[in-house]
Amino acid sequence: MKIHNEGMQFNISFHQNREESSELLYEGQILRGKISKILGNLIFLDLGKGETLEAKLTAPLPLQPGQLCDFLVKEVKDHQVLMKPITEDTEQANAAEKKIVSLLEKMGLAPDKEKIEIVKEMIRFQLPIQGSTIKEAASAKTAYEKVAEGIHQLPLEDKHGLIEKPIQEVFKRVLNTDKELQLTVKDGGWGQEAAAEMNRFREKIIDVPPSPIEEKTSHNALKKHENIIEVSPEKSYKQEAAVGEKINAAAKEGISANLFNLQNMNYEKILFLLKNNFQMNIQNATQVNQILFHAAPVGKQLEEIVAALKEHKEMEDFVKNLGDIGSRIKPSLLQNKESVKEVVRELYNNIQSIKELIENGTVKVGKEVVQQLDSLKNGIDFMNKINHYQGFLQLPIQIGGEQRNLEIVLCNKRKTQAALNPSDLKIFISLDTKSMDTVQAFIEIKEKNLTVNFRLMNEQIKNYMLQHENKLQSGLMDLGFTKIDIRYGTFKDRLNLITVLEQEALLSQRKHNFVDMWV
């Protein structure tokens with residue numbers, strides 16, 4: 001994607017009230033419109049619902065009638081809106097890909113489609129471009145895919161024991177088991193086909209140290225490419241809310257999807273693990289899917305555990321405690337980091353206590369419940385590790401007597417920052433609700449000023465929020481804010497930790513150079 005440097009002079013057309021239109025737009029908003037027609041240097045942009053913008057080009061742009069185009073709102077003042085057009089730039093993308101091909105060739109790597117994809121993701125994650133990392137990512141993806149296909153062949157006790165083992169070790173175990181089942185040679189030796197495949201696997205996972213060319217080029221590789229490969233601010237990431245139509249074979253063999261979820265382990269997920277120093281194993285890959293990509297977030301897991309334990313009278317106090325934890329999550333609590341930590345610690349300790357009662361035989365439950373408890377504990381540990389690098393948290397929250405999931409990302413919390421400034425914060429919040437689907441919001445705090453940009457799933461939810469805005473304003477003022485600005489937008493995609501940080505970086509105009517264009 002490219003945010004154009006060329007200027008465009010926009011004017012509100014006769015289809016809109018100029019004052020009302022400019023007040024509906026806000027900084028950081030991304031608009032999508034369809035080019036309805038082009039007349040000379042005039043472009044008519046249809047925003048839908050009768051809203052039309054008339055644009056005058058000050059320089060040629062690659063726009064065509066019928067084309068959808070995104071615009072980033074940079075500044076709003078005097079009923080004029082400064083915007084930046086974002087379009088596909090095939091020529092620039094091709095030039096970037098050629099540079100990646102050249103870089104791979106200098107490293108002695110075949111510039112195939114897979115390696116080009118890895119390099120693009122490495123640039124996106126701002127990782128140094130090194131041949132050893134490229135090979136590690138490719139090898140990990142192969143291993144995860146093969147393990148997902150073949151883990152069902154292993155005995156159940158082996159599966160549990162391998163969850164924390166390096167994925168390459170598990171891959172070897174699966175590959176050996178698979179070949180042993182297929183051997184027709186009486187003495188039990190490897191057949192030619194099996195040996196050939198094992199050799200190919202060994203070649204894939206061999207560790208190759210960086211070459212002198214890599215060391216020379218990798219330092220500047222990111223700087224050369226980060227302004228060329230652009231990721232759309234509204235790139236759609238499908239939320240993986242289920243294991244899929246085909247039930248995982250491992251789950252059939254008695255291991256829960258809560259402990260074994262290797263669905264779609266693509267390079268985005270693999271490089272996230274690499275960047276944040278997670279070991280490549282089944283447990284961490286599962287937590288990426290469960291927690292980051294919301295297949296089973298903390299709130300959902302806790303809800304399932306509470307439902308499973310309710311029938312056991314011995315668990316009555318623990319069930320009540322777990323429910324109370326969700327009811328304690330209030331906006332005021334989130335202002336105190338230590339209070340939040342205490343809630344998470346209490347949740348972890350309750351889960352541990354329940355496990356101990358089960359293990360010593362005090363309570364009899366099915367193995368599925370034990371696996372759910374293990375999964376939730378693993379999820380909390382996973383979040384704690386992420387917090388070494390990025391402020392991120394999922395919490396259970398009780399709404400209408402039901403456990404729901406609350407996700408928080410501290411956008412300006414980085415490893416290099418020792419502490420947060422509560423008077424200067426950028427926060428992303430995602431709340432799973434029963435009646436309004438997923439409600440997400442970017443929140444910016446400057447002293448006593450508060451700006452909230454809601455991301456809602458449809459217009460009906462937006463209208464409902466508008467009807468009850470006074471209550472929200474009143475509640476926020478009770479928290480001490482004196483100036484409150486609430487804005488709404490509808491989006492079909494749900495952001496996760498990775499895309500939240502990309503969105504925040506775009507709105508902060510990192511990695512971009514702009515030339516003004518006024519609406």
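Student: Where does Asp-381 sit?
Tutor: In helix H15, which covers residues 367–386. Keep in mind that this is a predicted model.

Student: Is Asp-381 buried, partly exposed or exposed?
Tutor: Partly exposed, because its relative accessible area is 28%, and that class lies between the 20% and 50% cut-offs.

Student: How far apart are Asp-381 and Gln-287?
Tutor: Along the sequence, 94 residues; in space, 9.7 Å from C-alpha to C-alpha.

Student: Switching to strands. Is S12 mostly covered or mostly open?
Tutor: Mostly covered. S12 spans residues 449–456, and six of its eight residues are buried.

Student: Which way do S11 and S12 run?
Tutor: Antiparallel, with seven bridges joining S12 to S11, residues 438–446.

Student: How does S12 run relative to S13?
Tutor: Parallel this time. Eight bridges join S12 to S13, residues 483–490, and Val-452 stands opposite Ile-486 there.

Student: What about Asn-496, where is that?
Tutor: In the loop between S13 and helix H18, which is 497–507. Asn-496 counts as buried because its relative accessibility is 3%, under the 20% cut-off.

Student: What does the Asn-496 side chain reach?
Tutor: The backbone nitrogen of Ile-498, at 2.9 Å.

Student: New topic: how long is H3 from first C-alpha to last?
Tutor: It reaches 17 Å over 12 residues, 113–124, close to the 16 Å expected at 1.5 Å a residue.

Student: Which residues of H3 are buried?
Tutor: Lys-115, Ile-116, Ile-118, Val-119, Glu-121, Met-122, Ile-123 and Arg-124. Just after H3, Gln-126 has a positive phi of about 55 degrees.

Student: Last one, the largest nonpolar core. Which residues touch the most other members?
Tutor: Tyr-144 and Phe-272, out of the 109 residues in that core.

Student: So what is Tyr-144 in contact with, beyond its neighbours within four places in sequence?
Tutor: Ile-167, Leu-262, Met-265, Ile-270, Leu-273, Met-280, Asn-281 and Ala-285.

How values were computed: Residues are numbered from 1 along each chain as its sequence is written. This is a predicted model: local features need pLDDT of at least 70, side-chain atom pairs count only at pLDDT 80 or more; totals for chains, interfaces and linings use all residues. Side-chain values use heavy atoms; hydrogens and water are left out. Helices (H or I, at least four residues) and strands (E, at least two) are DSSP runs, numbered from the N terminus. Buried means under 20% relative accessible area, exposed over 50%, partly exposed in between (1.4 Å probe, protein chains only). Two strands pair if DSSP finds at least two bridges between them. A polar contact is a pair of N or O atoms within 3.5 Å; within protein, one must be able to donate a hydrogen and the other to accept it, and residues adjacent in sequence count only if both atoms are side-chain atoms. The expected span of a helix is 1.5 Å times one less than its number of residues. A nonpolar core is a set of buried Ala, Val, Leu, Ile, Met, Phe, Trp, Tyr and Cys residues joined through side-chain atoms within 4.5 Å. Contact means heavy atoms within 4.5 Å.
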